[in-house]
Amino acid sequence: MKIFVLNNMVPFVRGGAEELASHLVQQLQEHGHRVELLKIPFKYDPPEHIYSEMLACRMMRIEDADLVIALKFPAYLIPHPNKVLWLVHQYRQAYDMWDAGTSNIPSTQNGIELKRCIAEADTDCFKNVKRICGISPVIQDRLKRFHGLESELLRTPLNAPEEFVEGEYGDYIFCGGRINQTKRQFLLVEAMRHTVSKCKLVIAGPADSPTDGDLLKTLVQKYGLADRVHLDIGFHPREKIASWVSNSLACAYLPIDEDSLGYVSMEANQAAKAVLTVDDSGGILDLVFHNETGWVSEPDPIHLATQLDRMHEKRAETIAMGKNAKESWLSMGINWQNTIERLVA
Amino acid sequence: MKILLATSTKQFHHREIEIETLRDQLQALGALTDILVLPFSMNKQHLLSQLSSYRMLDVRHVGDCLVSMSAPTHILRHPNKVVVFSDSSTQLVDTWDEQDGYLDRQPMHAIRKLLYRAEQVGIQEAALGVCFSNLTARRMQTMVRCVVTDSVHLAAQLAGKHLKSSRLSGKKVA
């Protein structure tokens, strides 16, 4: 089958959606398909520019493809008679972020008109696609809420599951992923000062801004935690991250209301590591069940410290929970084989 | 230096130049690169609207340099653009008059003229033109009356020079 994968891009910025698109192409090719990845530049600032971006996409043409798999706005507006939407993002600024008052679209007459045009373009696109799959229940809920549309749930698999293996169960809790205020690594550092055990914490990943990284460094210094909290702030190759995960005792991930299961928690489970999270972490709670596959704490340092101590002191229980987590994760069938079969069905 | 490479995909045909090879060379020379890939259909009905859509995309503020690797991407707008001439341009130049040329002669004459003009505009905006054979160099000189480099080591040029100092049209560029 000849397949085009449609994604948009902000040049020189690479995030989860770009990783997903690359791996989707690779996996489709491994399943015997001929695949091209299209990367459409998207400039959303100033917001009025979105009109021409949408129009440009509507004017582009794809021919001689049996199937198009589209991931994001506005690339998914490019017409094709056999298009499947594997929806990573609509333009949220025109939907839930508008309602929340956090949109870049101004609350002016022009802004309202732009918002309406985006919604209309989406509606027109969605009614002409073969199927719509959302990567998370949150995405599905938005489609239902703003467009009245039902969709299938098709979660994103791990990109390189073979790299996340059950290693040696070391003496540290690992916290990976981007470092910023919404991922709340700072809460873990604050929790560490309240622990009574000798548990250790490793935080590694790129900071979204220098301030985000500096905050963690300051906290570690302020609380005298340098001997138990190791910070490795920066971009690390996946092999290095995989090694940290695979050889940890368990992992921790505390995002605010994450849409999806979260790569950090999926990678942990793949490596048979239980996950510590908090009760407002959104999609993570579909993966972490308290005292079964991990721990769900309240999002405050004292409660987190209690869990960190328990993870360290009841080591056998922590390891057993990690093995449960792996079993539970694998039973969900979220892998590329199933994903490709559903997308090309 | 941030260099954005742009190419179009024409229904699973091999691209004329291995864009990935150029990217790797640039990266080895210390440049930060990214690749933009746009769809392009050879269906005559949609040629003009597609060219317009390319023109509407805004990459003017992206990176230090844009390298357009094949004919339709030459019309992308960027203040520091390098156009790479490849065989795709031949359909607008010498194979036009051949019996097996891609575009019919009479019915499409006006469109060809516009395509030709669009290509000229894109090229004349560029700071540098590059091709990989003397044959293509001669062909492109016929088309745009400019001198282009031949057989250059494009990656080394891009990584080693500031390109903003010249415009392509009518000038000889190194």
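User: Which residues of H9(A) are buried?
Analyst: This is a predicted model: local features need pLDDT of at least 70, side-chain atom pairs count only at pLDDT 80 or more, and totals for chains, interfaces and linings use all residues. A residue is buried with 20 or more other C-beta atoms within 10 Å of its own, exposed with 12 or fewer, and partly exposed in between, the C-beta atoms being placed from the backbone. Helix H9 (residues 263–270) of chain A has seven of its eight residues buried. They are A:Val264, A:Ser265, A:Met266, A:Glu267, A:Ala268, A:Asn269 and A:Gln270.

User: Which elements do the buried residues of H9(A) pack against?
Analyst: Residues are numbered from 1 along each chain as its sequence is written, while chains are lettered from A and ligands numbered from 1 in the order written. Helices (H or I, at least four residues) and strands (E, at least two) are DSSP runs, numbered from the N terminus. Contact means C-beta atoms, placed from the backbone, within 7 Å. The buried residues of H9(A) pack against helix H8 (238–246), strand S10 (250–252), strand S11 (275–278) and helix H11 (315–331) of chain A.

User: Which residues touch the most other members of the largest nonpolar core?
Analyst: A nonpolar core is a set of buried Ala, Val, Leu, Ile, Met, Phe, Trp, Tyr and Cys residues joined through C-beta atoms within 7 Å. The largest one has 83 residues. Its members with the most such neighbours are A:Val5 and A:Leu6.

User: What is A:Val5 in contact with, leaving aside neighbours within four places in sequence?
Analyst: In soluble globular proteins, nonpolar side chains tend to be buried together. Beyond its sequence neighbours, A:Val5 is in contact with A:Ala21, A:Leu24, A:Val25, A:Val35, A:Leu37, A:Leu38 and A:Ile69.

User: Which element gives the largest share of the side of chain A that touches chain B?
Analyst: The contact takes 23 residues from chain A and 25 residues from chain B. On chain A, strand S1 (2–9), strand S2 (34–41) and helix H2 (49–59) each give two or more residues. The largest share, seven residues, comes from S2(A).

User: What is the bridge partner of A:Ile203 in S9(A)?
Analyst: Two strands pair if DSSP finds at least two bridges between them. Strand S8 (residues 200–205) and strand S9 (residues 229–233) of chain A pair in the parallel sense over five bridges. In S9(A), the partner of A:Ile203 is A:Leu231.

User: Is A:Arg184 buried or exposed?
Analyst: A:Arg184 lies in the loop between strand S7 (172–175) and helix H6 (185–192) of chain A. Its phi is positive, about 60°, although it is not a glycine. A:Arg184 has 22 C-beta neighbours inside 10 Å, so it counts as buried.

User: Where does the cis proline A:Pro46 lie?
Analyst: The peptide bond from A:Asp45 to A:Pro46 is cis, with omega near 5°. A:Pro46 is found in the loop between S2 and H2 of chain A.

Notes
Contact = placed C-beta atoms within 7 Å.
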